[in-house]
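Subject: Structure handover

Hello,

Please find below the structure we talked about.

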Amino acid sequence: MTPGTTLWRHARLASFHGIVPWGWLDDAALLVEGDTLRWVGADADLPAALRPDTEHDLQGALVTPGLIDAHTHLVYGGDRAADFEQRLQGASYEDIARAGGGVRSTVAATRAASDAQLFDSAAARAGCLMAEGVTTLEIKSGYGLSAEHEARCLAVARRLGSELPLTVRTTSLAAHALPDEYAGRSDDYITGAIGWLAQQQAAGLVDAVDAFCDTIGFTPAQTERLLRAARRLGLPVKLHAEQLSDQGGAALAARYGALSCDHLEHLSPAGIAAMQASGTVATLLPGAYYFLRDTQLPPVQALRDAGVPMAVATDHNPGSSPCLSLLLMLNMACTLFRLTPEEAWRGVTVHAARALGLPDRGTLAAGQRADFVVWNAEHPREMAYRFGHNPCRRVICGGVQRSPA
Ligand code: DI6
Ligand code: FE
């Protein structure tokens with residue numbers, strides 16, 4: 001059976017396709033067949049013979065690609081509101097982590113949570129992101145830290161993708177923190193994590209591999225062992241790199257063809273050059289920068305000068321970025337990191353897609369997935385300008401309208 005065709009007419013379109021700023025078209029039409037865009041262009045150029053099954057007149061409403069949150073840790077138990085309180089009483093993020101709080105307290109809460117609790121809490125969080133037009137979401141494990149609990153968290157993330165109307169990509173982040181049972185044996189832990197990876201892949205649970213390469217995470221040598229194992233299994237890699245210190249993680253990940261290096265506040269010129277050479281995306285996470293009250297800015301101008309594509313994501317996690325608004329990250333990428341509104345938008349669309357290795361989305365053009373958002377706004381720069389405001393009117397995900405018209 002041929003899937004139905006739907007024609008969306010008279011959109012103000014920011015397609016992020018081609019060389020025009022914003023991929024802008026004043027009066028555009030989009031023809032959707034099944035889950036794919038068949039034709040996108042000026043309304044005046046619509047082929048005369050077109051006979052769509054359904055037609056909508058958008059009356060000049062703004063349309064953009066569906067938003068892509070390319071870095072989240074959405075599946076976990078509990079919260080860290082008490083850590084937040086301690087930080088306000090003077091403890092640093094590293095102090096809390098070293099004292100057994102931080103990531104390890106979330107690991108305990110995650111292990112204690114049932115699958116249903118993990119699913120329901122993550123689904124509620126995904127719902128907040130989706131309400132703002134997110135159609136593709138990356139979810140990392142990293143709060144299970146054992147074969148059983150890492151696989152459980154990845155399975156919950158996979159189930160979110162099959163039960164909710166959005167695409168979920170899963171990333172194995174067993175090398176997020178050292179669990180207590182491996183205290184003093186971090187090399188053994190990495191050996192274990194490498195073994196789990198093959199099992200996770202055989203179970204169809206993992207799309208990419210990530211690690212936290214930093215002073216309170218894993219060393220470059222340990223990170224490299226994991227990245228090498230991932231590549232041997234044919235899995236793409238990403239890295240939490242240069243967040244709290246410069247470990248040379250970005251250059252290391254670039255050698256393994258990393259899809260993205262993320263955070264990057266302490267990224268060096270050598271790291272930038274390596275990322276440029278390997279075509280690695282720089283994923284900027286203004287929520288963590290803000291929430292940890294960091295003062296070291298990522299080298300945005302140098303990344304821009306080098307032509308390294310920049311993505312922007314929430315880094316949603318309970319410890320350093322309990323943020324559930326990708327639209328707020330657009331604003332913070334501009335106010336805190338000085339991205340232009342168009343750069344910030346490209347960061348949650350076309351460059352976010354690249355950070356996930358998904359060339360079929362992030363722009364609106366013939367052949368791309370039909371993931372798009374209709375907004376109560378005139379121009380996408382308005383979403384970078386306002387904050388605490390959600391003008392999302394309707395979301396079409398894989399050709400299917402998600403919210404009521
Ligand atoms: N960097 C971060 O900012 C998060 N993980 C990481 O590797 C923080 C995770 C947490 O505090 O729970
Ligand atoms: Fe993260």
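The notes below start with the conventions and then take the two sites in turn.

This is a predicted model, in which local features need pLDDT of at least 70 and side-chain atom pairs count only at pLDDT 80 or more, while totals for chains, interfaces and linings use all residues. Residues are numbered from 1 along each chain as its sequence is written, chains are lettered from A and ligands numbered from 1 in the order written, and side-chain values use heavy atoms, without hydrogens or water.

Ligand 1

Around ligand 1 there are 13 residues (a heavy atom within 4 Å), and the closest are Arg-80, Tyr-93, Tyr-143, His-176 and Ser-320.

- The side chain of Tyr-143 has an N or O atom 2.5 Å from an oxygen atom of ligand 1.
- His-176 places a polar side-chain atom 2.8 Å from a nitrogen atom of ligand 1.
- Gln-243 has a side-chain N or O atom 2.8 Å from a nitrogen atom of ligand 1.

Taken alone, ligand 1 exposes 320 Å² (Shrake-Rupley, 1.4 Å probe), and the protein buries 100% of that.

Iron ion (ligand 2)

His-71, His-73 and His-240, each through NE2, and Asp-315 through OD coordinate the iron ion at 2.1 to 2.3 Å; donors are N, O and S atoms within 2.8 Å of the metal (3.2 Å for Na, K and Ca). Water is not among the atoms, so the site may look incomplete. Along the chain, the donors follow the spacing H-x1-H-x166-H-x74-D.

Regards

Methods
A polar contact is a pair of N or O atoms within 3.5 Å; within protein, one must be able to donate a hydrogen and the other to accept it, and residues adjacent in sequence count only if both atoms are side-chain atoms.
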